[in-house]
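Work through the exercises below with the model in view. Each task is followed by its solution in steps.

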Amino acid sequence: MNLQWYPGHMTKAKRQMQEDLKLIDLIIELVDARIPLSSRNPDIDELGKNKARLILLNKSDLADERYNEQWSAYFQKKGFYVVKVNAKSGAGLKSIQGVIQEACKAKIERDRRRGIKNRPIRAMVVGIPNVGKSTFINSYAGKACAKTGNKPGVTKGKQWIRLNKTLELLDTPGILWPKFEDQEVGKRLAFIGSIKDEILNLEELSLELLDYIRTNYPGLLNTRYGIKEEGTPVSLLEAVADKRKCLIRGQEIDYAKAAGIVMEEFRNGKIGRITLEFPPVEEETAHEDHP
Ligand code: GDP
């Protein structure tokens, strides 16, 4: 899925989200572990300010494990509960249940004081396009879970998926839009493949990516492509083209093809586990230089 947002979309999505949020106790927000900030829309913090919050660092299999840990700590410090997951394989999903109980303990306690027993926690999944919302809902809820259908007093058409006695999930995720107005954000979304490739200059993008990987993850390009990691970004792309026999009519370098290979292999994690954005340095934890 590729991003195509217009002001009309955004207003509608926001209004829909506000309605849905009235029905729930907990927001399960998916972010892409390779770009945890660029794959968020901070509006959700305002929209969901009275809700319990769980952030899932999804696609953690594609991101650098050291930074997965740092990002978890970063969000925890901001008051979120955080779980690292791979929605596709199911890794990490088991620990979610316990964390949800913990995140919603205030609600559970409130219910108990009011004499309400066993009212399930209601949650909804939110996130920008392509972060893995549907994959998560399918793998977490599984096929075994029956939809509970409309409930009296609930907006017509809302479907709830009952996961167990204590948890119900709204079956349609809330879609957030990223901060396109920020060019760096746009670029990172392009790197991970969340912006239509047709409107991008893939060659330009691949040069930036090669340079980024060479600088931040020395050795990976050598291991994957058997190339020397020196020279200009263009010479790196030429070296990839050479190794992968990307030639037009057997002689001219096919830059577009080589760029396509680099982008595709990065997006599938074949070059390695690479994080594209590092937690902002905060006062007392300022100990590392981040690019
Ligand atoms: P949505 O637009 O947020 O609903 O995203 P989707 O659920 O359609 O997922 C987008 C793509 O990401 C699909 O190709 C999924 O297979 C893939 N995907 C989702 N979660 C993961 C994950 O944890 N790891 C990896 N490697 N791929 C994932």
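**Exercise 1.** Find how many salt bridges cross the interface of domain 1 and domain 2, and which residues form a salt bridge.

Solution. The rule finds one salt bridge across the interface of domain 1 and domain 2, where a salt bridge is a side-chain nitrogen of Lys or Arg within 4 Å of a carboxyl oxygen of Asp or Glu. Glu 65 forms a salt bridge with Arg 273, and their closest N and O atoms are 3.0 Å apart. The side of domain 1 that touches domain 2 has nine nonpolar, four polar and five charged residues; Ala, Val, Leu, Ile, Met, Phe, Trp, Tyr, Cys and Pro count as nonpolar, Asp, Glu, Lys and Arg as charged, and the others, Gly among them, as polar.

This is a predicted model: local features need pLDDT of at least 70, side-chain atom pairs count only at pLDDT 80 or more, and totals for chains, interfaces and linings use all residues. Residues are numbered from 1 along each chain as its sequence is written, and side-chain values use heavy atoms, with hydrogens and water left out.

**Exercise 2.** State where the two domains lie and how many residues are in contact.

Solution. The domain assignment, automatic or from a database, gives domain 1 as 7-175 and domain 2 as 201-280. Their C-alpha centres lie 35 Å apart. In contact (heavy atoms within 4.5 Å) are 18 residues of domain 1 and 14 residues of domain 2.

**Exercise 3.** Name the residues that come nearest to the ligand.

Solution. Around the ligand there are 16 residues (a heavy atom within 4 Å), of which Asp 61, Asn 130, Lys 133, Ser 134 and Thr 135 come nearest. A side-chain N or O atom of Asp 61 is 2.8 Å from a nitrogen atom of the ligand. For Ser 134, a side-chain N or O atom is 2.6 Å from an oxygen atom of the ligand.

Conventions:
Polar contact = N/O pair within 3.5 Å; in protein donor to acceptor, adjacent residues only side chain to side chain.
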